[in-house]
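Visitor: I would like to learn how to read a few features of a protein model. Please start with the strands.

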Amino acid sequence: MPRAERPLEPDGSALAEFAADLRKLRKTAGGPAYRELARRVHYSSTTLSDAAGGRRLPSLEVTLAYVRACGGDVEKWDRRWRSVAAELAASTTGLPTEDDEAAPYVGLRPYGGGDAGRFFGRERLTEDLLRRITVQRFVAVFGPSGSGKSSLLRAGLVPRLASKVIVFTPGGHPLEECAIQLAAATGSWPSVVRGELTSEQRGLHRLVRQALVAEPPNAEVVIVVDQFEELFTVCQDERERSDFITMLLTATSAASSRCRVVIGVRADFYPQCALRTDLTEALQDAQVTVGPMTSDELRLVITQPAQQARCAVESALLTTLVTQTHGRTGVLPLLSHALLETWRRRKGNTLTLAGFQASGEFDGALAKTAEAAFAALDDHQQALARDLFLRLIALGEGTEDTKRKIGTEELDDNPVLAEVVHQFTQARLLTRSEGSLELAHEALIKAWPRLAAWMAEDRDGQRIHRELTDAAAAWRRHNRDPSVLLRGTRLAVVGDWVDHGGHPSAKEREFLNASIAADTSERHAKRRVVRRQRQLLAVLAAVLLLAVSIAAYATHAQRQANRERVTTIVLKALASIGELSRTNPELAAQLSLAAYRMAPSPPTLDGLIAAAADSDALVPEDNATPTRASVTSDGRTVLHWSAHTKGTQIWRFANQALTMQGTLRGGPYASISADGHIAMTGEGPRHSSVVRIWNTRRPAQPEEMSTLPTPVEVGDLSSDGRLLITIDQMSRPSLPVMSGDSVKLWDLSDPRQPRHVSTIFCADQLAREPGRVMDARFAGTRGAVIECGTDNYSGSTKTVQVWDVGQPEKPRQAGALGVARTILFGSGLLVNGDIGVTKEDHGLTIWDMRNLYKPREAASAGPGALRIDTAAIAPSVNLIAIAGADRRVTIRNTRNPEVVLHNIVVPGKTGVIASLGFESDGKTLVGTGPDPDVSIVWRWVLDPERAAMAVCGKVYAKIAESEWVSYFPGVAYRSPCE
């Protein structure tokens, strides 16, 4: 029969109630024997019996096994166990107690020299490091954060060294820290030692030898620089960092060196070390890597300190700790802290798994300790604690964040803050030494979630705060030198940080206020200086302005008078130069250019354009036969008809030279398509009226492809060569002008077989006589414009009809351009693309013909010229050129034809222009006319610079000074082309 359980003592404690409820669960399950429960879950019956004994809290694993064996709710009992464990932990808060001094574990802080007796697990690594430093003068110890580098150096290596040892961390000013430690070891003044160290790179070498003068010849100094990575995180002075490294390496590499150096470096700062060539060379074969401990080493770390304190480690706890720690990097501080917290919750002299679990287990113990210490503070103290911990961390730049040692002088003299520091120091989360304060270990940065959240809130703000801290310290260090105060952008950035919730200390606030005051004072002083300078400058400027104004007025008046004098002389000479162009065009061209250079104005520019014009004479073969020449609307082609040959020559401009391309049979009326592939010739009024169609793709060998089947008068060829418009011969051909009864449209899609597609009649007549077609032209590729009038010999009153010929077989009357009035030898109609021009009684009218059905009167000009002999339109630049009976060509803007832009005198004997055409850019105008037995082709360049280049590009005899004086008396001579 199984033995009855020992009765529980009903003391009302959480542990007694927990044990009682476990027993009730077993009873509910039918009261199975503990041997039966053991068989079900594979735990010993004794272990399961002790779980419900009420003397101590069983482990979570044992509790859950007991519940499963009894068929209970595992999740419910998991929460119940954690609640009881937390209650028991609260009763023993885990915060430091009076007997912590006797604790066998150091907790979060590294092992120091006084902890050598309880430093276990690194015996092999210590021996290796000791052997290396014996044979090498420079050794670097690398390892990840939390691997135990500092403990290895301070509690493992240093106590084993027989030499004099100096141990320090570099901090923000490594040279100063080294000087302080050397001065303490040698009895010198730190300022003297620092001066020696910074005098030149062998300073440390000399100081070490000086300190060992009275020692045996083999005596040496070993310098241990722990947390070497502070050179890259805390030290902000690149030059001091470089000097410190050079000083260490020189002291170990000098021929008579009596110094050995060991540095401890966090592994993730190896790249920063490798950036220095001298340090990289020193690290060759001089590295010791601190990695994770083996299982045996971990058992020593856990059990040996406990045995020295006459304590035992429960086997379940040992197994759990080794299992959770083995193979993990950076875990030793957490292990040490967990062991300390478990020791505080020990059962008698035994460290138990339950105590470990009650402490928050392995990863939560540190966070639980930090939270417990933080929760014990009031709201004001907690705010101070937040600022304090952020101050103790150096933000990583491409590396992990590190702890930052600060001097106590950086903190305010605040008793509340002092109490906060005391509380966290007692909790072994902070380490306080003489004049400095730092985190017990960097592991706290990751292990405490609250601290990690603080770090993530405003990293940029923390960097600004650190800059303020360093600047304030430098200000105090330099006896509040005003030159160290913040100014400009740096002050603005810090001020913005404070305005948005930053918390500077009282000392930093004092520095910031001093900076603001100095900056404000300087800005006010600068404003006063600027104001006085502005006042002085205003007076000087007024005096200078008055003097300059007087001088400028006098100079301007003199120049103006000289310009007016020169302009008068030039304008007076223009008429003489124009007459000279008929007898000596070379001299006239140079004089015209000189006139334009001296007095740029419309008259001198027109004179230059006229003088710079090129001309070519098209002479008939018999030198006597009448000829006729006409230029196409694009200004590229000239068609020249000779009565002797009864043929039409095709002349084209190539490289600004006019060359003959070929000859067509027939004329004098001729037309050619825009691409030069199709041409037509016709005899015109009172001839046989034969109209020929030509293939001019090879103008030197033109091919006559067809003739029209019925006699007609020549009208116009469309720009694409697709259509031909002709005028039927009149039933009474008595007038010397081309006119007819109707208009025919011909389809030239197959030029070898022209096809008559439609006939157009004048729809309206304005007089009693029958309506006649006076002229017919194409407007673009879809329109045709037809003049309809009467047979009045002295003149004709016309209506100008617009037809849509987009479908040549079905032409439609679209709109009208109004009434045109012309005399016998003039033209009343001009069309180029979408622009039409009519000469009417009231003057000149410009038509916008983009909408054939609603032509719009765009502009008009009064009766400035009684007759238009010929005209040309340049649509791309909105220009129209008009030649009349006054031996002049005027060029106007189609948008405002009242204004004459150019007034060019036509050279030659007759001064008659028969046809005009603009080149595509609108900057060159080509004209033709009789003079009198030949046909002349003129080419005017309208751009003044190009006209000047044309004049200077020709070989002329240089103007003689005597010729200059005769035209420009009193004007200094200068060649116009130089």
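Guide: Two strands pair if DSSP finds at least two bridges between them. Helices (H or I, at least four residues) and strands (E, at least two) are DSSP runs, numbered from the N terminus. This is a predicted model, in which local features need pLDDT of at least 70, side-chain atom pairs count only at pLDDT 80 or more, and totals for chains, interfaces and linings use all residues. Residues are numbered from 1 along each chain as its sequence is written, and side-chain values use heavy atoms, with hydrogens and water left out.

Visitor: Which residue in β39 stands opposite Gly917?

Guide: Val926 does. Strand β39 covers residues 924–930 and runs antiparallel to β38, with four bridges joining them.

Visitor: In what order do the four strands of the open sheet come?

Guide: The order is β13-β40-β39-β38, with antiparallel pairing. At the edges, β13 (614–618) and β38 (915–918) each pair on one side only.

Visitor: How many disulfides are there?

Guide: A disulfide is a pair of cysteine sulfur atoms within 2.5 Å. The count is one: the sulfur atoms of Cys952 and Cys977 are 2.1 Å apart. Cys952 lies in helix α29 (residues 944–952) and Cys977 in the segment after α30 (961–967), so the link ties together parts 25 residues apart in sequence.

Visitor: Is Cys259 buried or exposed?

Guide: Buried means under 20% relative accessible area, exposed over 50%, partly exposed in between (1.4 Å probe, protein chains only). Cys259, at 1%, is buried, whereas Cys952, at 31%, is partly exposed.
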